[in-house]
Amino acid sequence: MYLLCLLFGLSSAYQIIVSDKDGETDLCKSVSNVVKNLEQKMTTQLEQILTLLQQRKDNECIKDLKFVETLQEVAEGKSVKQSSLYQGKYYPAELAVDGNTGTFSHTKTEENPYWWVDLGKLYKVKQIVVYSRTNCCGSYLKNMDVTVGPSLDNMSLCTHYKGPASTGEHFNLDCKAAMVGRYVKLSINRKNSIMQLAELKVFAYRQKI
Ligand SMILES: [Ca+2]
């Protein structure tokens with residue numbers, strides 16, 4: 001009974017302190033801000049922990065996979081995405097894997113533009129072949145990282161392309177060692193640049209069934 005009375009008294013006192021006829025008091029607002037900040041910090045830390053756990057799970061799951069010994073192209077027609085669209089609607093990422101070197105994807109001018117392909121399942125990626133535009137602007141392809149990984153949160157460097165490319169050329173980018181991954185991403189590490197790809201091919205080994 002004593003405990004119940006004490007709780008009731010504390011509750012009443014709290015109501016008096018944190019409320020008045022005009023709504024929240026300064027104390028109430030302060031408490032709300034502290035709670036809000038703590039929630040944001042905890043959410044960020046939980047997301048970081050979940051990402052680390054996902055990476056460890058991915059790495060553990062892929063280390064014992066077996067792959068065939070024949071290279072094949074695995075990117076054409078797959079799901080793709082780029083950092084932006086030229087003028088908000090033109091030259092989508094899909095035009096880099098449509099099998100036609102006369103069409104191209106094109107981001108807007110921005111800092112660190114990127115493009116990636118989801119191969120749909122895990123492969124052992126060996127080589128990426130990049131086709132620059134045939135009518136213009138090949139030199140935009142330079143200072144580019146090629147990364148491969150089982151998820152977009154768990155990518156590792158396959159190789160770096162210093163460039164610049166020429167208009168209408170194609171070049172091979174080999175991973176130093178074949179890498180297991182589902183995603184292949186190209187990122188240009190520059191301000192005021194554009195990612196333009198006429199075509200991109202990924203040569204990889206598929207898993208043994
Ligand atoms: Ca194309």
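This section describes the fold, the core and selected residues of a predicted model.

Residues are numbered from 1 along each chain as its sequence is written. Because the model is predicted, local features need pLDDT of at least 70 and side-chain atom pairs count only at pLDDT 80 or more, whereas totals for chains, interfaces and linings use all residues. The mean pLDDT of the chain (the predictor's confidence in each residue, from 0 to 100) is 88. A value of 70 or more is reached by 89% of the residues. Over residues 1–10, pLDDT stays under 50. For that stretch the model has zero contacts beyond four places in sequence. Two residues are in contact if their C-beta atoms, placed from the backbone, lie within 7 Å.

The chain holds two helices and 11 strands. Helices (H or I, at least four residues) and strands (E, at least two) are DSSP runs, numbered from the N terminus. From the N terminus on, the order is α-β-β-α-β-β-β-β-β-β-β-β-β. Of the contacts with a separation of 6 or more, 72% are between residues 24 or more positions apart. Buried residues make up 26% of the 209 residues. A residue is buried if 20 or more other C-beta atoms lie within 10 Å of its own, exposed if 12 or fewer, and partly exposed in between, with C-beta atoms placed from the backbone.

Helix H2 spans residues 26–62. Its 37 residues reach 54 Å from the first C-alpha to the last. This is close to the 54 Å expected at 1.5 Å a residue, where the expected span is 1.5 Å times one less than the number of residues. The number of buried residues in H2 is zero, so the helix lies largely in the open.

The largest nonpolar core has 38 residues. Such a core is a set of buried Ala, Val, Leu, Ile, Met, Phe, Trp, Tyr and Cys residues joined through C-beta atoms within 7 Å. Ala96, Trp115, Val125, Val148, Leu197 and Val202 have the most contacts inside it. Two or more core residues come from each of strand S6 (114–131), strand S7 (144–151), strand S8 (154–161), strand S9 (170–188) and strand S11 (199–206). S6 gives the largest share, eight residues. In soluble globular proteins, nonpolar side chains tend to be buried together.

Strand S7 is largely enclosed by the rest of the structure, because six of its eight residues are buried. S7 pairs with S8 in the antiparallel sense over six bridges. Two strands pair if DSSP finds at least two bridges between them. A hairpin of two residues joins S7 to S8. Thr147 has Leu157 in S8 as its bridge partner. S7 and S9 also run antiparallel and are joined by six bridges. Here Val146 stands opposite Leu186 in S9.

Two residues of this region illustrate its contacts. Val148, among the core residues with the most contacts, touches Val125, Met155, Ser156, Cys158, Cys175, Met179, Gly181, Tyr183 and Val184, not counting residues up to four places away in sequence. Gly149 lies in S7. Gly149 is buried, because 24 other C-beta atoms lie within 10 Å. Leaving aside neighbours within four places in sequence, Gly149 is in contact with Asn154, Met155, Ser156, Gly181 and Tyr183.

Lys124 belongs to strand S6. Lys124 counts as buried because it has 22 C-beta neighbours inside 10 Å. Its contacts, leaving aside neighbours within four places in sequence, are Phe67, Ala178, Val180, Ala204 and Tyr205. Lys124 and Gln207 are 83 residues apart in sequence, yet 7.7 Å apart in space, C-alpha to C-alpha.

Tyr91 has a positive phi of about 55 degrees although it is not a glycine. Tyr91 sits in the loop between strand S4 (79–82) and strand S5 (105–106). Tyr91 is buried, as 20 other C-beta atoms lie within 10 Å. Cys137, also not a glycine, has a positive phi of about 65 degrees. Its place is the loop between S6 and S7. Cys137 is partly exposed, with 14 other C-beta atoms within 10 Å. The peptide bond from Gly163 to Pro164 is cis, with omega near 0 degrees. Pro164 is in the loop between S8 and S9.
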